[in-house]
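This report describes selected contacts within one protein chain. The sequence and structure are shown below.

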Amino acid sequence: MSNKEVKAALKSAREAIRNKEYKEALKHCKAVLKQEKNNYNAWVFIGLAAAELEQPDQAKGAYKKAIELEPNQLLAWQGLANLYEKSNQTDVKGDLADVYQKLLELYKSGDKQKWCDVCNKLVELYHQENKYLEVAETWQRLIQMKQEDGAEKAELHQLWKKMIQLLKDSTQNQDNKTAQSLLTAFEHAVNSADPVPGDDHQNLYKDFIQCLSKFPHETARLEKACNDMMALYPTVSYPLEILCLHFVQSGTLSEEALHCFSRLLETDASSGPAIIGFGIKSLQEKKYREAVKSLTEGLQKTSQCPAAWHYLAEAQMKIHKHRDAVLSCNQALETLGTPEGPSLQWKNLILQLKAEALIKIADANAAEEAIKALEQIVDASSDPVVLAIRGQAYLNRGLMDEASKISQELLLSHPDLAESHALEGFIHYSQKNYKQAERSFLNAIERKAGTAEYHQYLGLTYWFMSDETKKDKEKALTQFLKAAKLDSYLGSVFCYLGNYYRDIAGDKSRARGCYKKAFELDETDEESGTAAVDLSVELGDMDTALSILNEVTEKASTGTAKWAWLHRGLYYLRTGQPSQAVADLQAALRADPKDSNCWESLGEAYLGRGSYATALKSFRKASELNPELVYSIYKAAAVEQILGKYENAIATYQQILKKTQDYMPALKGLGECYLMLAKSALDNYLDRK
């Protein structure tokens, strides 16, 4: 076949393809290849025809042969791109990306529009594969090409916005290079927007700031973006809120941060981040109750802030609301999600604080939960303070051997650490080895004198060691006073101060003040509440006693605060107010239905208001619960006597006298019943009765 014939055959192949006669085209091409096996056009036409005949492998082979012959010719690359685009096989996407890259290279010096079309296709392909770094790099090449061609500012603005759309879904798994590309796109988009200020520009700025807030290392950029947006939109609170949350999360409260909180409150008095900020300020100023109030209020409005939940838990720990602190730590962990980098540090801090709170709750279940929390701390075994907390958790769990092992290891590896000696002290104290506990707590105080808990436990050690150390002012009392001075929210230490002043010093007034303080700090402390009420009564200060009882009963839910209901009920009984006494004693019995003394008092209250039938039932219930309550049995008989049931009353009196022959009220009642029966018989002319 001559050169002329080859050209004619290729022309016929082209015509056949145009007429969709693909098999005919293949015949012409094969004829050409018999003569010229390296004919580029023949291989390209075979690729085209085979692709249309749905013979992808043959088409691919033909195009690759053509490319091998002429690697810088467009036709074969274009054909291969079309072939891969139509393929349903996922494994060709990598090959297609390589084809697009080659087409970009070939189009670069020629057809700019086609170059842009291929670039768009390549970006779309990378985006489908979640290859965000390649998306960013390729799109920036497109923008650079447009800039070199002198594209208008508005067109470039749309391209930067498109780049943001392509990359912003990837913020969770971005490498630093991709993140920088996204932030660069935001900066260019914000700076190329028109008009400024305007709604689109404002929304774009919001998205930019929100994006920056997800990158902890972009502090300077975030602060600049927020300040720039505030300058343009002074009435919009969003940048201030983000900046405030940034300061909260960073854990530092500079003058700039406080100024930011103040500005935000001026803009929006109910802003969650600002209220949270001032809560943290109160925490740092040791105004713990104010801190709890502000942080709680702020978190009701802005709940997705793990650092704020941590600060709330910290404040709650300072006022010994340990169960509340555990709940706040759980909220912090929930909002933290999957932590990495700085978030991991927050997670470790939150878990440690949660474990400390659970240990203060001091029961076996809480100790078990504390151990689980400590197991989640990364590199916990290298932190001696965390190890000491673990030792306390084991101790509360009743695992003495494990606690002792940790204690011995810490004393060997960290003899200068206060927590090492304190753990040893807690172990000795729990075993009532008070001499050894004294030595351990003194060593802990020597290393960390400002810890109230160490002074409290040294005071408790002296309290239980002996009568001498309990009464010695320089021992228990001094340590309790030091603990109270260091931590004015430590209710339990004020309870023991009350015990000292009441039982040792005989100072009822001062004791009452300590018990009252203890109860104000911890409303679940029944011992302190009861003692404060009893001493108030002894001191003739019924107003104080009643104010304590009223406060407790107002807050109490059904079936709780028995001691307060009982005390107030007995007060009403003594002061001749039986109806109020009945209501309070019933409330006390809802909390403890098996209290025989309470049933007895309720009987007295019913009797006082003239409800004899219910009084009788109450006295009988009391004697059922406790058959040794002679007074309740006697009162039941007395009520039966009042109701004229003399035979029943006589039987009950006789029952009492069988056990207690000289029980005077029963003898008197028995005599009265016989007299009343005799009188009744005379009235009915039954003389011999």
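Predicted model: local features only at pLDDT ≥ 70, side-chain atom pairs only at ≥ 80, totals over all residues.

The side chains of glutamate 368 and arginine 397 form a salt bridge, with an N to O distance of 2.4 Å. This pair joins distant parts of the chain: glutamate 368 belongs to helix 20 (residues 364-375) and arginine 397 to helix 21 (residues 384-397), 29 residues apart.

## Further salt bridges

Glutamate 419 and lysine 448 meet through their side chains in a salt bridge of 2.7 Å, N to O. Glutamate 419 is in helix 23 (residues 418-430), whereas lysine 448 is in the loop between helix 24 (434-447) and helix 25 (452-465), so the pair ties together parts 29 residues apart in sequence. Glutamate 419 counts as buried, at 15% relative accessibility, while lysine 448 counts as partly exposed, at 35%.

A salt bridge also links glutamate 640 with arginine 620, whose closest N and O atoms are 2.5 Å apart. Here helix 36 (residues 630-642) supplies glutamate 640 and helix 35 (residues 612-625) supplies arginine 620; the two residues are 20 apart and link distant parts of the chain. Glutamate 640 is buried, with 3% relative accessibility, and arginine 620 is partly exposed, with a relative accessible area of 39%. Elsewhere, Glu187, Glu218 and Arg221 are connected in a network of salt bridges. The count of salt bridges comes to 29.

## Packing of helices 3 and 4

The axes of helix 3 (residues 40-52) and helix 4 (residues 56-69) come within 8 Å and cross at roughly 160 degrees. Helix 3 is therefore roughly antiparallel to helix 4. The crossing of helix 3 past helix 4 is left-handed.

On the helix 3 side, the contact residues are Tyr40, Trp43, Val44, Ile46, Gly47, Leu48, Ala50 and Ala51; they meet Gln58, Ala59, Ala62, Tyr63, Lys65, Ala66 and Leu69 of helix 4. Sorted by class, this contact of helix 3 with helix 4 contains 12 nonpolar, two polar and one charged residues.

## Surroundings of valine 292

Valine 292 is part of helix 16 (residues 288-301). Its relative accessible area is 15%, which means that valine 292 counts as buried. With residues up to four places away in sequence left out, valine 292 touches Leu312, Ala315, Gln316 and Ile319. Glutamine 144 lies 148 residues from valine 292 in sequence and 54 Å from it in space, C-alpha to C-alpha.

How values were computed
Residues numbered from 1 in each chain as written. Heavy atoms only, no water. Axes fitted to C-alpha atoms, helices over the stretch in contact; angles between N-to-C directions. Helix = DSSP H or I, 4+ residues; strand = E, 2+ residues; numbered from the N terminus. Parallel < 35°, antiparallel > 145°, perpendicular 65-115°, else oblique. Left-handed = near helix turned anticlockwise from the far one by under 90°. Contact = heavy atoms within 4.5 Å. Nonpolar A, V, L, I, M, F, W, Y, C, P; charged D, E, K, R; others polar. Buried < 20%, exposed > 50% of the residue type's maximum accessible area, 1.4 Å probe, protein only. Salt bridge = Lys/Arg side-chain N within 4 Å of Asp/Glu carboxyl O.
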